[in-house]
Amino acid sequence: MTAFAILGSSGHAFNNGIVTFGLMASSSALVIPLSLFLIGTRVWALGKKYGFITPVQMFRDRWECSHIGTVIFAVQAAFWFLTSSSRDGWRHSFERDQRRASPLLVRRAVVAMVVMCYVFFGGMRGTAWVNTFQTSLFLCFGR
């Protein structure tokens, strides 16, 4: 939700008015907390009980298949690459300043590699720090 929350919601509110509050509240105040409560707590309990750190570990153990991790990684990477709103928000911000200086596929690949690197090397803590830094930049220098 980062790109929409920071870049898109203000424009949506300007064009559509108060209805934006309902759109944001429905996902931020209802769907996300309910998902975390109904699914997240059960997954967390399984992880704590069996020592899982990643979803791949849980699925490997559940289906007793060592190659499921490769399949899950490929599916998650493809899904992220095709649908990431944060990446597209970053891409649109970049396009605005660069005036399409590089092809779309190259921009997507660069952003995907940067994100994959900080997630791989920094884990969730690194991701949280990057999101904090990104939000600070948007708040300080956003147009």
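In helix α2, the residues T20, M24 and G47 are buried. This is a predicted model, and α2 covers residues 19–50.

How far apart are the end C-alpha atoms of α2? They are 44 Å apart. At 1.5 Å a residue, the 32 residues should span 46 Å, so the two values agree. The helix also has a kink of about 40 degrees, centred on G40. Just after α2 comes G51, with a positive phi of about 80 degrees.

Part of the surface is nonpolar. L30, V31, L34, F37, L38, I39 and V43 form a patch there. Together they have about 680 Å² of accessible area. L34 belongs to this patch and lies in α2. An α-helix has 3.6 residues a turn, so residues three or four places apart point the same way.

Now the aromatic rings. The count comes to 2 aromatic pairs. One of them joins F59 and W63: the ring centres are 5.1 Å apart and the planes are at 15 degrees, so the pair is stacked, the cut-off being under 30 degrees. Both residues sit in helix α3 (residues 55–63). They are 4 residues apart, which means a separation of about one helical turn.

Conventions:
Residues numbered from 1 in each chain as written. Predicted model: local features only at pLDDT ≥ 70, side-chain atom pairs only at ≥ 80, totals over all residues. Heavy atoms only, no water. Patch = residues over 30% accessible without salt bridge, like charges linked within 9 Å, V, L, I, M, F, W, Y side chains within 5 Å. Areas by Shrake-Rupley, 256 points an atom, 1.4 Å probe, with all protein chains shown as cover. Salt bridge = Lys/Arg side-chain N within 4 Å of Asp/Glu carboxyl O. Helix = DSSP H or I, 4+ residues; strand = E, 2+ residues; numbered from the N terminus. Expected span 1.5 Å × (residues − 1). Bend = angle between axes of the 7 residues up to and from the residue. Buried < 20%, exposed > 50% of the residue type's maximum accessible area, 1.4 Å probe, protein only. Phe/Tyr/Trp six-rings, centres within 6.5 Å; stacked < 30°, edge-to-face > 60°.
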